Amino acid sequence: MAWIHPVVEVIGLLLSLYVLMLGWRRFGTLHLARAGLTFAWKRHVSLGRLTFALWLGGLVLGLGASWWTWKVVFITDGHYQVGLAMVPLMVFGLVSGLVMDRQKARRRVLPLAHGLGNLVLVALALVQLATGIGVIRDMILP
Ligand code: HEM
Ligand code: HEM
């Protein structure tokens, strides 16, 4: 049970790096005026949604695993704090992405806010990997 959460979150992290790479091409077109870049729009949207589903579903599994293991939640200090801080950013990334997908228009500001927020999320997921390994080492293995 304790291992489901780390496995789901690591898959989410790997997927997010690919989704970010797809988004980076869009950034090049919109903000760096680079011509000839193709943006795999549908793939970005479907894998982006999958990333958020894994991250959010994984967060719930993390809380479940804590409860299962220790009969208490919110005991991993920085790991759960950063995890909870990711929630509003995930909501913004998902909602802004859905809006831009459903109502296509020439935009600059919303894609930028979406891209920046999600870049921060990928960085925070890397922090979660580091602190999560710490939780396994200090709280699960002994
Ligand atoms: C980890 C998840 C995600 C990352 C890292 C990410 C990253 C990015 C980046 C960097 C851009 C380019 C922004 C710019 O040009 O300034 C972008 C654009 C876009 N993203 Fe995402 N994204 C993610 C999830 C999603 C999701 C879940 C959706 C839809 C439900 C979505 C829909 C879009 C759309 C439609 C654009 C193009 C907007 C436009 O050009 O009008 N993204 N994304
Ligand atoms: C987006 C990434 C992640 C989020 C949002 C997240 C969030 C959480 C949350 C909220 C908890 C509950 C902690 C508590 O109640 O104190 C938790 C537990 C835990 N997390 Fe994460 N986490 C993420 C990634 C990871 C990764 C990559 C690893 C390991 C490499 C990991 C390892 C753990 C462990 C070992 C626990 C204790 C519960 C268990 O036994 O599974 N987490 N996580």
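A polar contact is a pair of N or O atoms within 3.5 Å; within protein, one must be able to donate a hydrogen and the other to accept it, and residues adjacent in sequence count only if both atoms are side-chain atoms. Keep that in mind for the tour.

This is a predicted model, where local features need pLDDT of at least 70, side-chain atom pairs count only at pLDDT 80 or more, and totals for chains, interfaces and linings use all residues. Residues are numbered from 1 along each chain as its sequence is written, chains are lettered from A and ligands numbered from 1 in the order in which they are written, and side-chain values use heavy atoms, with hydrogens and water left out.

**Stop 1: the whole protein**

Show the cartoon. The protein has four helices and zero strands. Helices (H or I, at least four residues) and strands (E, at least two) are DSSP runs, numbered from the N terminus. Along the sequence the pattern reads α-α-α-α. The C-alpha atoms fill a box of roughly 55 × 25 × 20 Å along the principal axes.

**Stop 2: the iron atom of ligand 1**

Select ligand 1 and zoom in on its iron atom. Which protein donors does the iron atom of ligand 1 have? They are His44 (NE2) and His114 (NE2), lying 2.0 to 2.1 Å from the iron. Donors are N, O and S atoms within 2.8 Å of the metal (3.2 Å for Na, K and Ca); water is not among the atoms, so sites may look incomplete. The site is octahedral, with angles of 87 to 178 degrees among its six donor atoms. Six donors count as octahedral if opposite donors are over 155 degrees apart and all others between 65 and 115. Now color the helices. Histidine 44 lies in helix 2 and histidine 114 in helix 4, so the pair ties together parts 70 residues apart in sequence.

**Stop 3: around ligand 1**

Select the 25 residues around ligand 1. A residue is near a molecule if one of its heavy atoms lies within 4 Å of it. Arg26, His31, His44, Pro111 and His114 come nearest. The shell divides into 13 nonpolar, nine polar and three charged residues. Here Ala, Val, Leu, Ile, Met, Phe, Trp, Tyr, Cys and Pro count as nonpolar, Asp, Glu, Lys and Arg as charged, and the others, Gly among them, as polar. Next, pick asparagine 118. One of its polar side-chain atoms lies 3.2 Å from a nitrogen atom of ligand 1. Then pick phenylalanine 27, where a backbone N or O atom lies 3.4 Å from an oxygen atom of ligand 1.

**Stop 4: the iron atom of ligand 2**

Move to ligand 2. Its iron atom is coordinated by His5 (NE2) and His79 (NE2), at 2.0 Å. Why is the arrangement octahedral? Because the six donor atoms around this iron subtend angles of 87 to 179 degrees. Histidine 5 lies in helix 1 and histidine 79 in helix 3, so this pair ties together parts 74 residues apart in sequence.

**Stop 5: around ligand 2**

Select the 28 residues that surround ligand 2. Ala2, His5, Phe74, Ile75 and His79 are the closest. The shell holds 18 nonpolar, nine polar and one charged residue. Helix 2 gives the most, with eight residues. Pick threonine 76: an N or O atom in its side chain is 2.9 Å from an oxygen atom of ligand 2. Finish at phenylalanine 74, where a backbone N or O atom lies 2.6 Å from an oxygen atom of ligand 2.

Methods. Tetrahedral: all angles 85-135°; square planar, octahedral: opposite > 155°, others 65-115°.
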